[in-house]
Amino acid sequence: MKRAVFPGSFDPVTLGHVDIIERAVPLFDEIILAIGINLDKKYMFSLEERVRFLEETFKGEPKIIVKTYNGLTVDFCIKEKAAFILRGLRNTIDLEFEKTIGQTNFRLAGIETVFLISSPGKSHISSTVVRDIKKHGGDYSILVPDAVPNK
Ligand code: ADP
(Lines give C-alpha, C1' and ligand atoms only; values in the text may rest on other atoms or scores of the structure.)
Protein backbone atom coordinates (compact mmCIF):
# COMPACT_ATOMS: atom_id res chain seq x y z
CA MET A 1 0.00 0.00 0.00
CA LYS A 2 1.58 3.26 -1.14
CA ARG A 3 0.39 5.79 1.41
CA ALA A 4 1.36 9.49 1.48
CA VAL A 5 0.79 12.18 4.05
CA PHE A 6 0.21 15.72 2.78
CA PRO A 7 0.87 17.87 5.85
CA GLY A 8 -0.19 21.50 6.02
CA SER A 9 -2.15 24.17 7.83
CA PHE A 10 -4.76 24.42 5.06
CA ASP A 11 -5.87 27.79 6.49
CA PRO A 12 -7.80 27.58 4.21
CA VAL A 13 -7.38 24.94 1.47
CA THR A 14 -6.78 26.70 -1.87
CA LEU A 15 -6.94 25.73 -5.53
CA GLY A 16 -3.13 25.49 -5.31
CA HIS A 17 -3.45 22.64 -2.80
CA VAL A 18 -6.27 21.06 -4.84
CA ASP A 19 -4.04 21.07 -7.95
CA ILE A 20 -1.24 19.21 -6.12
CA ILE A 21 -3.59 16.74 -4.42
CA GLU A 22 -5.54 15.86 -7.58
CA ARG A 23 -2.34 15.27 -9.52
CA ALA A 24 -0.98 13.07 -6.72
CA VAL A 25 -4.03 10.77 -6.66
CA PRO A 26 -2.75 8.49 -9.48
CA LEU A 27 0.64 8.18 -7.74
CA PHE A 28 -0.58 6.74 -4.42
CA ASP A 29 -3.10 4.21 -3.07
CA GLU A 30 -4.05 6.57 -0.25
CA ILE A 31 -3.34 10.21 0.60
CA ILE A 32 -3.88 11.48 4.13
CA LEU A 33 -4.48 15.23 4.22
CA ALA A 34 -3.00 15.96 7.61
CA ILE A 35 -3.68 19.21 9.42
CA GLY A 36 -0.93 19.82 11.95
CA ILE A 37 -2.12 21.26 15.25
CA ASN A 38 0.20 24.01 16.46
CA LEU A 39 -1.12 25.68 19.61
CA ASP A 40 1.37 28.58 19.24
CA LYS A 41 0.00 29.54 15.81
CA LYS A 42 -3.04 31.74 15.24
CA TYR A 43 -5.34 30.51 12.48
CA MET A 44 -8.04 32.37 10.57
CA PHE A 45 -10.28 29.31 10.23
CA SER A 46 -10.92 26.91 13.13
CA LEU A 47 -9.58 23.37 13.01
CA GLU A 48 -13.14 22.07 12.53
CA GLU A 49 -13.70 24.41 9.57
CA ARG A 50 -10.38 23.47 7.94
CA VAL A 51 -11.21 19.76 8.28
CA ARG A 52 -14.70 20.33 6.87
CA PHE A 53 -13.47 22.31 3.84
CA LEU A 54 -11.04 19.49 2.95
CA GLU A 55 -13.62 16.75 3.50
CA GLU A 56 -16.21 18.53 1.37
CA THR A 57 -13.73 19.29 -1.41
CA PHE A 58 -12.59 15.67 -1.73
CA LYS A 59 -15.79 13.82 -0.78
CA GLY A 60 -15.94 12.07 -4.17
CA GLU A 61 -12.38 10.74 -3.95
CA PRO A 62 -12.13 7.49 -1.94
CA LYS A 63 -8.31 7.53 -1.87
CA ILE A 64 -8.26 10.74 0.17
CA ILE A 65 -8.79 10.94 3.91
CA VAL A 66 -8.52 13.90 6.26
CA LYS A 67 -6.89 13.72 9.69
CA THR A 68 -5.36 16.04 12.29
CA TYR A 69 -2.19 15.46 14.24
CA ASN A 70 0.01 16.80 17.00
CA GLY A 71 3.77 16.61 17.10
CA LEU A 72 6.31 15.71 14.47
CA THR A 73 5.13 14.95 10.95
CA VAL A 74 7.48 11.94 10.70
CA ASP A 75 6.01 10.45 13.90
CA PHE A 76 2.54 10.82 12.41
CA CYS A 77 3.74 9.16 9.18
CA ILE A 78 5.15 6.21 11.14
CA LYS A 79 1.91 5.86 13.12
CA GLU A 80 -0.12 5.91 9.89
CA LYS A 81 2.30 3.58 8.05
CA ALA A 82 2.91 6.18 5.38
CA ALA A 83 6.29 5.95 3.60
CA PHE A 84 5.89 9.22 1.72
CA ILE A 85 5.28 12.89 2.42
CA LEU A 86 3.69 14.95 -0.36
CA ARG A 87 4.48 18.66 -0.74
CA GLY A 88 3.93 21.28 -3.42
CA LEU A 89 6.53 23.67 -4.81
CA ARG A 90 5.62 27.10 -6.15
CA ASN A 91 9.01 28.72 -6.51
CA THR A 92 12.63 28.64 -5.35
CA ILE A 93 11.67 29.99 -1.92
CA ASP A 94 9.46 26.93 -1.37
CA LEU A 95 12.27 24.74 -2.68
CA GLU A 96 14.87 26.12 -0.26
CA PHE A 97 12.48 25.81 2.67
CA GLU A 98 11.30 22.32 1.75
CA LYS A 99 14.78 21.02 0.95
CA THR A 100 16.04 21.10 4.53
CA ILE A 101 12.80 19.72 5.95
CA GLY A 102 12.75 16.91 3.37
CA GLN A 103 16.38 16.02 4.01
CA THR A 104 15.82 16.07 7.77
CA ASN A 105 12.71 13.90 7.57
CA PHE A 106 14.63 11.35 5.48
CA ARG A 107 17.46 11.26 8.00
CA LEU A 108 15.08 11.02 10.94
CA ALA A 109 12.80 8.31 9.63
CA GLY A 110 13.73 7.27 6.07
CA ILE A 111 10.58 8.94 4.79
CA GLU A 112 10.83 10.24 1.22
CA THR A 113 9.20 13.53 0.30
CA VAL A 114 7.58 13.64 -3.13
CA PHE A 115 7.41 17.16 -4.59
CA LEU A 116 5.02 18.27 -7.30
CA ILE A 117 5.51 21.63 -8.98
CA SER A 118 2.37 23.75 -9.27
CA SER A 119 0.57 23.70 -12.58
CA PRO A 120 0.97 26.78 -14.77
CA GLY A 121 -1.28 29.54 -13.48
CA LYS A 122 -1.46 28.11 -9.94
CA SER A 123 1.82 29.18 -8.38
CA HIS A 124 0.56 32.59 -7.26
CA ILE A 125 -2.09 31.03 -5.03
CA SER A 126 -1.42 30.85 -1.32
CA SER A 127 -3.45 30.61 1.87
CA THR A 128 -1.68 33.78 3.05
CA VAL A 129 -3.06 35.80 0.12
CA VAL A 130 -6.55 34.37 0.71
CA ARG A 131 -6.38 35.40 4.38
CA ASP A 132 -5.20 38.91 3.45
CA ILE A 133 -8.08 39.36 0.99
CA LYS A 134 -10.55 38.04 3.60
CA LYS A 135 -9.17 40.38 6.26
CA HIS A 136 -9.92 43.33 3.98
CA GLY A 137 -13.37 42.12 2.98
CA GLY A 138 -12.46 41.22 -0.62
CA ASP A 139 -13.59 38.42 -2.91
CA TYR A 140 -11.23 35.43 -2.91
CA SER A 141 -13.56 32.93 -4.58
CA ILE A 142 -11.30 32.41 -7.62
CA LEU A 143 -8.53 31.12 -5.31
CA VAL A 144 -10.39 28.51 -3.26
CA PRO A 145 -12.60 25.46 -3.89
CA ASP A 146 -16.39 25.86 -3.52
CA ALA A 147 -16.38 24.33 -0.04
CA VAL A 148 -14.63 27.41 1.37
CA PRO A 149 -17.20 30.15 1.97
CA ASN A 150 -16.37 33.52 0.46
CA LYS A 151 -16.56 36.35 3.05
P1 ADP B 1 2.26 25.04 5.74
O2 ADP B 1 1.69 25.78 6.89
O3 ADP B 1 2.89 23.73 6.12
O4 ADP B 1 3.12 25.85 4.78
P5 ADP B 1 0.24 25.17 3.74
O6 ADP B 1 -1.17 24.73 3.92
O7 ADP B 1 0.50 26.62 3.56
O8 ADP B 1 1.01 24.57 4.96
O9 ADP B 1 0.92 24.42 2.51
C10 ADP B 1 0.98 23.03 2.44
C11 ADP B 1 1.70 22.61 1.17
O12 ADP B 1 0.99 23.05 0.03
C13 ADP B 1 3.13 23.13 1.00
O14 ADP B 1 3.91 22.11 0.44
C15 ADP B 1 2.96 24.24 0.01
O16 ADP B 1 4.17 24.46 -0.72
C17 ADP B 1 1.88 23.67 -0.87
N18 ADP B 1 1.19 24.69 -1.64
C19 ADP B 1 0.44 25.71 -1.17
N20 ADP B 1 -0.02 26.47 -2.19
C21 ADP B 1 0.46 25.92 -3.33
C22 ADP B 1 0.35 26.24 -4.74
N23 ADP B 1 -0.32 27.32 -5.15
N24 ADP B 1 0.98 25.44 -5.62
C25 ADP B 1 1.70 24.37 -5.19
N26 ADP B 1 1.84 24.02 -3.90
C27 ADP B 1 1.23 24.77 -2.98
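A polar contact here is a pair of N or O atoms within 3.5 Å; within protein, one must be able to donate a hydrogen and the other to accept it, and residues adjacent in sequence count only if both atoms are side-chain atoms. This is a predicted model: local features need pLDDT of at least 70, side-chain atom pairs count only at pLDDT 80 or more, and totals for chains, interfaces and linings use all residues. Residues are numbered from 1 along each chain as its sequence is written, and side-chain values use heavy atoms, with hydrogens and water left out.

**Stop 1: the ligand's contacts**

Select the ligand and Ser-118. A side-chain N or O atom of Ser-118 is 3.4 Å from a nitrogen atom of the ligand. Now show the backbone of Gly-88. There, an N or O atom lies 2.7 Å from an oxygen atom of the ligand. Taken alone, the ligand exposes 560 Å², and the protein buries 86% of that (Shrake-Rupley method, 1.4 Å probe; for residues, only the protein chains shown count as cover).

**Stop 2: the shell**

**Stop 3: the pocket**

The ligand takes up the space of the largest pocket (more than half of its atoms lie within 2 Å of the grid points). A pocket is an open set of points on a 1 Å grid over the protein atoms alone, where a 1.4 Å probe fits, with protein on both sides within 12 Å along at least five of seven lines; lining residues have an atom within 4 Å of a point. The volume of the largest pocket is about 1,100 Å³. Select its 40 lining residues; Pro-7, Gly-8, Ser-9, Arg-87 and Glu-98 lie nearest the centre. Colour α4 next: this helix gives the most to the lining, with seven residues (helices are DSSP runs of H or I, at least four residues; strands are runs of E, at least two; numbering starts at the N terminus).

**Stop 4: the loop between β1 and α1**

Go to Pro-12, in this loop. A cis peptide bond joins Asp-11 and Pro-12, with omega about -5°. Phe-10 is in the loop between β1 and α1 too. Phe-10 has a positive phi of about 50°, although it is not a glycine.

Note on methods
Grid points are joined across faces, edges and corners, and a volume is the space filled by probe spheres set on the points.
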